[in-house]
Amino acid sequence: MAKRTRMSASQRREQLIDVARGLFAEKGFDATSIEEVSARAKVSKPVVYEHFGGKEGLYAVIVDRELTAISSTITAALGSSDSSSVIVERAALALLTYIEDSPDGFRILSAGSDRAAGTYSTLLADVAIEVSGILASRFAEHSIDPRTAPLYAQMLVGIVALPAQWWLENRTMTKEEVAAHMVNLAWNGLHGLEARPALRSTAPPSQKGRRE
């Protein structure tokens with residue numbers, strides 16, 4: 001009978017993180033127990049407590065790791081000096097690549113407990129701030145009021161963030177195809193941006209078609 005190799009402390013820690021990530025993604029924070037984590041990892045509960053102090057500590061480590069991974073990839077894409085369309089393309093691909101490589105991690109961040117959802121929202125807000133800075137400088141070059149940049153940044157982040165959540169469960173297209181469609185909407189909308197846009201009609205929807 002082959003002798004079992006004992007894991008080092010760091011190896012055991014990584015094993016517990018991998019096991020817990022899958023459980024949290026599948027069941028959520030509240031429905032996951034330390035008993036389940038220890039059973040699936042084939043260790044006693046005290047081992048989990050020794051490494052993380054409890055479920056909250058284990059969950060916090062996982063969320064922090066996933067946020068660091070997704071933030072670094074998106075920030076690197078936004079740091080490019082390329083054209084606006086290429087920056088949007090790279091940011092979209094960065095997020096989709098993260099989802100492809102770590103679907104469980106993204107499920108925890110985007111659809112997990114309030115603990116993760118709040119941090120993911122904060123991440124998107126930080127991304128929007130970076131995008132706003134990029135847009136403000138380019139708006140000024142085209143005589144567009146740079147004060148509107150934060151609004152457009154929110155819209156651009158929405159174009160990328162919400163379809164990314166849809167793609168997590170609907171893999172009918174490749175990440176490259178999804179990114180191309182995101183850029184198609186974002187860039188073809190931004191490309192012909194008016195300096196002072198105005199509504200074509202000021203009549204409330206309820207009044208349209210009403211006889212004078």
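Colleague: How much space lies in the largest pocket?

Modeller: In this predicted model, a pocket is an open set of 1 Å grid points where a 1.4 Å probe fits, with protein on both sides within 12 Å along at least five of seven lines, and lining residues have an atom within 4 Å of a point. On that basis, the space in the largest pocket comes to about 250 Å³.

Colleague: Which elements give two or more residues to the lining of the largest pocket?

Modeller: The lining includes Leu135, Arg138, Phe139 and His142, together with Trp187, Leu190 and His191, while Ser84, Ile144 and Leu193 also belong to it. By class, the lining holds 6 nonpolar, 3 polar and 1 charged residues. The elements giving two or more residues, as helices of at least four residues in DSSP, are H7 (114-141) and H9.

Colleague: At what angle do the axes of H5 and H9 cross?

Modeller: H5 covers residues 84-101 and H9 covers residues 175-191, and their axes come within 9 Å. With angles running from 0 to 180 degrees between N-to-C directions, the axes cross at roughly 145°.

Colleague: How far apart are the end C-alpha atoms of residues 33-52?

Modeller: UniProt, in an unreviewed entry, lists residues 33-52 as "DNA-binding region", although such annotations may be inferred rather than shown by experiment. The span is 80% helix and 0% strand, and its end C-alpha atoms are separated by 13 Å.

Colleague: From where are residues numbered along each chain?

Modeller: Local features need pLDDT of at least 70 and side-chain atom pairs 80 or more, whereas totals for chains, interfaces and linings use all residues. Side-chain values use heavy atoms, without hydrogens or water, and each chain, as its sequence is written, is numbered from 1.

Terms used: Grid points are joined across faces, edges and corners, and a volume is the space filled by probe spheres set on the points. Ala, Val, Leu, Ile, Met, Phe, Trp, Tyr, Cys and Pro count as nonpolar, Asp, Glu, Lys and Arg as charged, and the others, Gly among them, as polar.
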